[in-house]
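Student: Could you show me how to read strands and helices in a model? I would like the general idea and then the case at hand.

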Amino acid sequence: RLGWPGPKVPPEFPLVRAVNAVVPPRARVLAPTEVSNWLVTERGHAYPLLAKEIYFDSLHAFLPLEDIARRRALMDHVGGGRPARLPSPAFRAGLAEYAPAGVVLFASLPWATEARGDLAASSYVPRLERFGYELWVRP
């Protein structure tokens, strides 16, 4: 796009700032790609469970492929560019395994009601809603 030089952030960027303000610094956050890609752009940021698809191929040097696949499945379950539903037991197991301090859920997913129930059952509470996303945190 044409314009004056400057950051080319998405319209949802205020949500990214809100997530970083609510979640403790350096805490893990499970979020769709549209949010996770931008979390690390601020000082004292939260750490996305997985971000930037361009790095997925090189991650295997640091993480087992099965771990990357689990993280990707969780990220796809909470929404974003290529949403894919996980069964409730798999989503809850992922929340227990990675224990993210925050979860950003795309509110328009067909399975959003089920995901909200899984989050509540895993001791998460809704904290804010912006730009069609919800932030759930552990109290």
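Predicted model: local features only at pLDDT ≥ 70, side-chain atom pairs only at ≥ 80, totals over all residues.

Student: Which residue is the bridge partner of valine 125 in strand 5?

Tutor: The partner of valine 125 is valine 137. Strand 4 (residues 125-130) and strand 5 are joined by five bridges and run antiparallel. In their hairpin, with two residues between the strands, phenylalanine 131 has a positive phi near 55°.

Student: What stands opposite leucine 135 in strand 5?

Tutor: That is valine 104. Here strand 3 (residues 102-106) runs antiparallel to strand 5, with five bridges between the two.

Student: Which way do the side chains of strand 5 point?

Tutor: In a regular strand, side chains alternate between the two faces of the sheet. In this model, Tyr133, Leu135 and Val137 point one way, while Glu134 and Trp136 point the other.

Student: Are the residues of strand 5 buried or exposed?

Tutor: Five of the five, residues 133-137, are buried, so strand 5 is largely enclosed by the rest of the structure.

Student: Now for a helix: which residues of helix 5 are buried?

Tutor: In helix 5 (residues 88-98), they are Ser88, Phe91, Gly94, Leu95 and Tyr98. Look down the helix axis: these buried residues fall within an arc of 130°, so they line one face of helix 5. Pro89 and Ala96 are exposed on the face turned away from that buried side.

Student: What do the buried residues of helix 5 pack against?

Tutor: They pack against strand 1 (28-30), helix 4 (65-77), strand 3 and helix 6 (112-121). After helix 5 comes alanine 99, with a positive phi near 45°.

Note on methods: Residues numbered from 1 in each chain as written. Heavy atoms only, no water. Buried < 20%, exposed > 50% of the residue type's maximum accessible area, 1.4 Å probe, protein only. Helix = DSSP H or I, 4+ residues; strand = E, 2+ residues; numbered from the N terminus. Pairing = 2+ DSSP bridges. Arc of directions from axis to C-beta. Contact = heavy atoms within 4.5 Å.
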